[in-house]
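Colleague: Can you put the model up and take me through it?
Modeller: Here it is.

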Amino acid sequence: RPNARHDQAGHRPADLPATIQHYIDGQLVDSLGGETFDVLDPVSNETYVQAAAGQQGDVDAAVAAARRAFTDGPWPRMLPRERSRVLHKIADIVESRGDRLAELESFDSGLPITQALGQARRAAENFRFFADLIVAQADDTYKVPGRQINYVNRKPIGVAGLITPWNTPFMLESWKLAPAIATGNTVVLKPAEFTPLSASLWAGIFEEAGLPAGVFNLVNGLGEEAGDALVKHPDVPLISFTGESSTGQLIFGNAAPYLKGLSMELGGKSPAVVFADADLDAAIDATIFGVFSLNGERCTAGSRILVERPVYDEFVERYAAQAARVRVGYPHDPETEVGALVHPEHYEKVMGYVELGKTEGRLVAGGGRPEGFDFGNFVAPTVFADVAPDARIFTEEIFGPVVAITPFDTEAEALELANGTRYGLAAYVWTNDLKRAHNFSQAVEAGMVWLNSNNVRDLRTPFGGVKASGLGHEGGYRSIDFYTDSQAVHITL
Ligand code: NAD
């Protein structure tokens with residue numbers, strides 16, 4: 001239905017779907033019982049579409065289709081090279097639809113359009129990468145002279161359940177879909193209920209690329225309904241989940257009776273540690289980007305900045321000034337650097353932390369709605385200085401454009417502060433002292449460390465967290481390992 005705010009600002013995408021359906025066994029379908037849920041756009045917070053709300057019966061149908069495609073269909077039996085060709089076609093199509101994808105993603109999630117476009121390109125690259133990797137895959141063979149030959153027979157596992165969050169939805173879906181199907185599995189995807197729009201494009205993309213029906217199935221719906229049914233389905237031996245740590249804990253328990261394979265990419269509260277000898281210009285630019293890009297809704301956001309005392313005051317002053325210059329605006333505007341947070345519920349959560357921060361730290365930038373945006377889910381880039389290590393804004397994941405800055409005096413204190421939360425996803429270290437750089441990076445409790453570097457990564461490297469930030473690592477061959485069984489075959493000579 002018409003949305004005044006969007007029409008006025010001229011950024012409602014053309015040809016929005018009338019409804020968002022499931023995709024099961026090659027068919028777009030509604031929920032068996034007709035259940036739906038509202039999908040809001042984050043600029044007006046008005047409902048712009050209804051999406052099918054999957055229940056147990058819908059998940060059963062999707063899993064049955066995926067199971068048939070796995071046991072009887074061609075996909076698991078095709079040569080890696082044949083599957084690779086389909087994956088490359090998927091990458092080509094995603095690339096060619098980058099602008100449309102970015103437009104829909106930005107409208108649905110509130111991400112700035114330029115950043116949504118970057119994520120669409122990453123999605124294409126994920127397919128291209130696993131298309132290449134699957135044909136380069138080599139497995140171990142051992143000869144025990146005079147006795148045995150042992151070799152690895154790698155096999156797809158079956159139906160993989162993929163459950164994804166709402167920040168960068170399409171890209172994160174691709175990060176699971178690509179390795180899962182590259183290795184010959186079939187899948188049921190349950191995308192996040194806040195942002196189902198871009199996921200509705202997958203079916204057309206896969207059909208055009210020639211993926212056989214039943215290999216990819218999509219069930220929309222709420223986590224506690226559709227997600228829960230997928231986790232508890234006995235014919236789904238693998239669950240790859242990205243989302244909050246508390247949801248991960250719940251899924252871990254629900255999957256336990258079935259001893260499912262689990263890969264979990266969870267929350268974070270990643271430190272950026274700035275030593276006095278660092279290149280401050282580079283450190284400030286990178287730490288601004290690290291927490292304010294993607295609206296701060298980024299699992300690897302450097303949301304705690306620890307700064308060595310001699311440069312602390314200068315850092316805080318310059319950082320606050322730069323944060324105040326970050327451009328908040330309509331998600332569709334190419335000039336926008338921070339758009340609208342995904343959903344009013346999430347907005348309330350983030351604003352709760354902004355108010356709490358005013359009692360836990362010294363507000364030096366932001367602290368509420370940006371000027372001119374008294375509607376929707378807009379939050380001004382917010383910076384708190386002098387935040388104590390036991391403050392909630394220092395230890396809890398906020399997942400918005402809010403950062404806490406804390407001083408330290410010694411390297412040992414910096415390490416203790418960096419490790420002082422339950423999370424361990426990423427860490428960023430800024431120093432020009434070579435020995436300290438390596439020693440600190442190796443000691444910090446984080447799955448990934450960026451040293452004098454922005455958040456960029458090669459797809460071959462491990463991706464994942466330690467402590468409450470995750471279980472297992474994906475990336476490169478680790479993803480292939482998760483989605484396959486490595487059967488050992490022993491032959492006596
Ligand atoms: P969430 O945990 O609320 O939801 C994630 C997905 O799980 C959604 O699809 C949801 O419907 C589903 N879900 C919810 N309850 C479920 C249940 N009981 N059973 C099965 N499925 C269920 O997370 P979110 O708010 O969508 O995403 C934000 C979180 O994701 C943040 O904590 C962020 O750090 C994390 N994240 C982590 C990474 C990473 O790679 N480590 C990447 C992106 C986001």
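Ligand shell and active site

Modeller: Of the 31 residues around the ligand, the nearest are Pro 165, Gly 223, Gly 227, Gly 243 and Cys 299; a residue is near a molecule if its C-beta atom, placed from the backbone, lies within 6 Å of it. This is a predicted model: local features need pLDDT of at least 70, side-chain atom pairs count only at pLDDT 80 or more, and totals for chains, interfaces and linings use all residues. Residues are numbered from 1 along each chain as its sequence is written.
Colleague: Which helix gives the most to the shell around the ligand?
Modeller: H8, with five residues. Helix H8 (223-231) and helix H9 (245-255) each supply at least two. Helices here are DSSP runs of H or I, at least four residues, and strands are runs of E, at least two, numbered from the N terminus.
Colleague: Where does UniProt put the active site?
Modeller: The unreviewed entry places it at Glu 265, and such annotations may be inferred rather than shown by experiment. Glu 265 is found in strand S12 (residues 261-265).
Colleague: Is Glu 265 buried or exposed?
Modeller: Buried, with 27 other C-beta atoms within 10 Å; buried means 20 or more, exposed 12 or fewer, partly exposed in between, with C-beta atoms placed from the backbone.
Colleague: What is Glu 265 in contact with, leaving aside neighbours within four places in sequence?
Modeller: Thr 242, Cys 299, Gly 464 and Gly 470, contact being C-beta atoms, placed from the backbone, within 7 Å.
Colleague: Switching to H6, how many of its residues are buried?
Modeller: 14 of the 14, so H6 is largely enclosed by the rest of the structure.

Methods. Contact = placed C-beta atoms within 7 Å.
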